[in-house]
Amino acid sequence: MAFRAHNFNAGPAALPLPVLEIAQKELCDFKGSGMSVIEMSHRGKEFDDVNNETNAKVRDLMGISDDYEVLFMPGGASMQFCLIPMNFIREGKSADFINTGSWATKAIKEAKVQKDINVIWDDKEENYIRCPKASEIKVNPDAEYVHICENETIGGIKYFELPECGDVPIIADMSSCIMSEVMDVNKYGMIYAGAQKNIGPSGLALCIIRKDLLERVPENICNFFKYTTHAKNASMYNTPNTWAIYILGLVCDYLKSLGGVPAMEKINREKAKILYDVIDSSDFWRCPVDKASRSIMNVVWRLPSEDLEKKFVAEAKAHNMIGLKGHRSVGGLRASIYNAVPKASVEFLAEFMKEFEKVNG
Ligand SMILES: Cc1ncc(COP(=O)(O)O)c(C=O)c1O
C-alpha cells in the first residue's frame, strides 16, 4: 500500500484513498478508450457521460430537485465571489452580507467592487468567534439575496441555525463543508463550493442555483460570466476541467458507498468530538471560538505560547501529521478534518495531543 500522511491540510486536502486508486488505475486507459479522461475530447461520448453522471450523482447525494441547476464552473469559489453580484444584483438593487470572518470578508470585498451592498452583521469586534443567531439578523426585505459563508475555514466556525430571510434567497459559500452534513438545499437560493476540500481537486466550483434566479442575469455582461451560459451548455460552454469533474464523480461514488451524506455526517461529528474533547479536557488547550459555532470540519485551537505551537507543528510533522499550522492570518493550530480524513488519523492526532500535554503541560 502507498505511504500516506495523516493529512490535515485545509485545501487542497485529503481525498479518499479508493478514489485515488481508481483514478490511478484508469489513468492510462479510461474504460477501454485507450486514453485517460484528461486526454479525451470533452465533446466525446465518454466524457459527456462522465459529466452527466457526475451531475446526477451530486443531485442524488444532496437531494437536489429539478428547481435547481447544478453547474461545474471554473475559477474556484473566488470567482463565484465576483460572479454572484454581477449576475444576481439587478440595476438599482442591493444585497445583504453577513461577515463571519476571512472568507465572508473576501466575498464582501468583491461584491463592493461592483455594487452598493449592505453588511448587516459583522463580528469584527469579537474577532470572528461565532456565527450569528437567527434572532440577530434583520434582512432588508428588498435585498436581492443574503450572502453567508456557511463554514469559515480559517476561523473554524459554522452556522448552527440559518438566518430568517423570508422571501430573500440565501446564497451560501459551502466550500469547506459541502457534503459534510445533511443540508436542505431548498432553504437556499444558491450554494457554491470550491471542490478542493471535500469533493475533489482545486479550480472547480460546484454551483447549485435555483432556476428562478437565472431570470435576473443581465444581458450586458460577457457570456462567459453569465450563469445562464453555463446552464444552457451543461457546464461545457468552454473546455471544462475534465479531471476535476471526473474526480468529483468518483468522490460521489465513494460517499454513496459509505451510506451517503447522513452516514458521512455521523462520522464527521464523531471525528470532531474526538478533538474537541481533548481541547476541552484541560486549560493547556484553548479553542477561541464560541462553543455553539464550532466547525466540524476545521478545528482551531491555541497553546499557551507561540513557541509551543511551533513545537507542536514540528513534532506532529515528525509523526507524519501534516497541515496543522493555523492560517497565517490568525496563527495558532488547525486540523482540517474533511470527509476524506480517516477517523484513525483523528484518533492518532488526539493521542499525540495527550502525549504532548504530558510532556509540555
Ligand atoms: C470558505 C471558503 N471560501 C472560498 C475559498 C476560496 O476558494 P478558491 O481558492 O477555490 O477560490 C476558500 C478557500 O480556502 C474557502 O475556504
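Predicted model: local features only at pLDDT ≥ 70, side-chain atom pairs only at ≥ 80, totals over all residues.
## Overall form

The protein contains nine helices and 13 strands. Its radius of gyration is 21 Å, close to the 21 Å that the globule rule gives for 361 residues, so the protein is as compact as a globular protein of that length.

Of the 361 residues, 44% count as buried. Among the contacts with a separation of 6 or more, 68% are accounted for by residues 24 or more positions apart.

Strands of a sheet pair through backbone hydrogen bonds, in either a parallel or an antiparallel sense. In this model, seven strands form an open sheet with mixed pairing, in the order S2-S10-S9-S8-S5-S3-S4. Strand S2 (68-74) and strand S4 (118-122) stand at the edges; each has a single partner strand, so one side of each is left without a neighbour in the sheet. From one strand to the next, the twist averages 20 degrees.

## Strand S10 and its partners

Strand S10 comprises residues 204-210 and is mostly covered, with six of its seven residues buried. Within S10, Ile208 is the bridge partner of Val70.

S10 is also joined to strand S9 (residues 190-194) by five bridges, and these two strands run antiparallel. Here Gly194 has Ala205 of S10 as its bridge partner.

## A parallel pair in the sheet

The pairing of strand S3 (residues 96-99) with strand S5 (residues 146-149) is parallel and extends over two bridges. Asp96 stands opposite Val146 in S5.

## Packing of helices H6 and H7

Two packed helices are described by the angle between their axes and the distance between those axes. Helix H6 (residues 242-258) packs against helix H7 (residues 260-280) at an angle of about 75 degrees, and their axes are 7 Å apart. Angles of 65 to 115 degrees count as roughly perpendicular, and H6 is therefore roughly perpendicular to H7.

On the H6 side, the contact is made by Leu255, Lys256 and Leu258. H7 contributes Gly260, Val261, Ala263 and Met264. The residues of this contact divide into five nonpolar, one polar and one charged.

Note on methods
Residues numbered from 1 in each chain as written. Pairing = 2+ DSSP bridges. Helix = DSSP H or I, 4+ residues; strand = E, 2+ residues; numbered from the N terminus. Axes fitted to C-alpha atoms, helices over the stretch in contact; angles between N-to-C directions. Parallel < 35°, antiparallel > 145°, perpendicular 65-115°, else oblique. Contact = placed C-beta atoms within 7 Å. Nonpolar A, V, L, I, M, F, W, Y, C, P; charged D, E, K, R; others polar. Rg over C-alpha atoms; globule rule 2.2 N^0.38 Å. Buried ≥ 20, exposed ≤ 12 C-beta atoms within 10 Å, placed from the backbone.
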